[in-house]
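Reader: Could you walk me through a few features of a protein model, one at a time?

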Amino acid sequence: MEKQSNQTIEHEVFERELPEQLKTKIITPEDSEYHYVRSSYMGVGRPEVVVMAQTNEDVVETINYVSELRKEYPEMPFSIRSGGHGMSGSSTNVGGVILDLSKMNAIEFMDKEEGIVKIQAGAQWGQVAGTLAPHDFIITSGNFGDVGVGGIATSGGSGYFTRSQGLTIDHVIGATLITADGVIHELSETSEPELFWGLRGGGTQLGVAVDFTFKAQKMNSNTHDASLIHQHITYVTEDLEQFVANWGRWMKAAPKEMTSFLMIQKTPQHVYAVDTRNVWAGTDTERAVPELEKALAIDKIYDHSESMMSYASLIPYPQSIHIGQQKIKIANAIVDKVDASLGKAIKEVLETAHVVELRPLDGQVHEVAQDATAWAARHQDGFLSVWMSPKSDAALTKEMEPVTQLATGMYGAYSSIISPEVAALSWPDATGERLKALKEQVDPNHLFNTGLQL
């Protein structure tokens with residue numbers, strides 16, 4: 001998805017305002033590398049300038065540069081990119097500036113005994129998993145290695161350890177944020193706590209997060225390499241409503257170490273294939289095996305396997321060049337209950353959708369107070385996303401209606417649709433009011449104008 005400007009800006013304007021410090025760090029349409037940096041995973045972009053930042057000072061200079069351009073061209077898009085995998089496609093644009101953080105990708109243990117690790121925003125989660133696993137540490141994250149740290153650590157982060165460890169943002173204990181005025185802020189619970197609150201869940205609305213300090217979790221695996229127990233099941237079910245209800249009851253009753261991801265498709269034979277990945281956080285087979293056996297009893301099984309592997313091996317990390325290759329659109333919903341009514345809604349949506357992804361969102365997520373971060377969905381049990389090929393955002397919204405009617409929240413960074421309705425469900429009520437007030441304080445001129453906004 002491209003973020004476009006209604007204004008036409010001559011390229012000479014971009015060169016005229018460019019600071020000296022950035023002249024060796026930009027890529028423009030005339031450069032051979034442009035094809036490899038102009039797009040995201042979800043959208044083909046045509047920016048005028050891509051700044052390949054290497055330092056915090058480069059980020060400050062880029063923000064000041066864009067601020068000067070905005071004086072003459074107030075609608076010019078400005079995109080922030082860490083990994084470029086984001087579902088909205090807002091890490092690219094047409095006719096504007098991209099601040100690319102991919103060269104700022106250092107990962108450094110500050111305290112190996114306590115699992116304190118500092119990670120720059122441009123690192124990818126495949127790198128993080130590969131660095132931490134040999135020391136038997138993990139940081140709960142998504143389930144794909146090409147995702148950038150900057151995006152997920154400001155937006156949410158739901159993955160294979162969500163039930164046992166919560167969201168990625170719940171493990172951020174410090175961060176460096178550069179706001180629209182070019183000021184560098186060091187954030188924590190005791191240093192500018194209100195900005196720290198908004199950073200965790202507010203996305204890119206408050207500024208550019210350039211690094212994060214995390215408290216990684218020790219797996220205590222008997223192999224000492226962050227190993228886990230993995231079960232892969234393919235179910236075939238004729239009664240999707242009952243299947244979802246059965247899966248929801250099993251998941252809700254399971255120990256927090258167990259998490260399950262479903263990918264549900266309707267087959268040409270008018271039955272439903274459910275590709276399932278169950279993960280037990282650790283290597284305690286005595287406790288895990290009874291739960292794996294319960295999973296096998298949920299419905300008819302076409303195939304299954306069980307294995308033990310390192311977390312770094314579980315997360316696909318293809319390190320793909322992003323050229324807008326993903327053409328599908330994604331919408332999502334966070335729901336209170338995973339039951340037969342949700343199964344019915346999923347069944348209706350699958351009349352037009354390619355696949356529905358269903359994950360649990362309970363366990364440790366519920367143990368964090370609703371007002372502790374800018375992620376407000378702290379009581380709901382389920383998260384699902386719908387993958388479609390609609391002709392428009394309006395068509396996607398309409399096709400999503402059976403599920404949306406059950407939604408009490410949304411994951412803003414996991415949506416192809418950027419609209420006030422999505423923002424309202426992503427940051428509802430008091431969370432939205434608090435975040436909007438904070439945004440108006442630190443970015444009154446809306447310098448950061450791409451991505452989901454309040």
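Predicted model: local features only at pLDDT ≥ 70, side-chain atom pairs only at ≥ 80, totals over all residues.

Reader: How many salt bridges does the count come to?

Author: The general idea is a side-chain nitrogen of Lys or Arg within 4 Å of a carboxyl oxygen of Asp or Glu. By this rule there are 19 salt bridges. One of them joins Arg 163 to Asp 362, at 2.9 Å from N to O. Arg 163 sits in helix H6 (residues 162-165) and Asp 362 in the loop between E17 and strand E18 (382-388), so this pair links distant parts of the chain, 199 residues apart. Helices (H or I, at least four residues) and strands (E, at least two) are DSSP runs, numbered from the N terminus.

Reader: Is Arg 163 buried or exposed?

Author: Buried means under 20% relative accessible area, exposed over 50%, and partly exposed in between (1.4 Å probe, protein chains only). Arg 163 is buried, at 2% relative accessibility, and Asp 362 is buried too, at 3%. Salt bridges with shared partners join these two, Lys 252, Lys 337 and Asp 381 into one network.

Reader: Which salt bridge partner does Glu 72 have?

Author: Glu 72 pairs with Arg 16, with their closest N and O atoms 3.5 Å apart. Because Glu 72 lies in helix H3 (residues 56-72) and Arg 16 in helix H1 (residues 11-17), the pair ties together parts that are 56 residues apart in sequence. Glu 72 is partly exposed at 47%, whereas Arg 16 is exposed at 54%.

Reader: What lines the second largest pocket?

Author: On a 1 Å grid over the protein atoms alone, a pocket is an open set of points with protein on both sides within 12 Å along at least five of seven lines, and lining residues have an atom within 4 Å of a point. The second largest pocket holds about 430 Å³ of space. Of its 20 lining residues, the closest to the centre are Gly 83, Ser 102, Gln 124, Ser 320 and His 322.

How values were computed
Residues numbered from 1 in each chain as written. Heavy atoms only, no water. 1 Å grid on protein atoms, 1.4 Å probe; cavity = no way out; pocket = protein on both sides within 12 Å on 5 of 7 lines; lining within 4 Å. Points joined across faces, edges and corners; volume = space filled by probe spheres on them.
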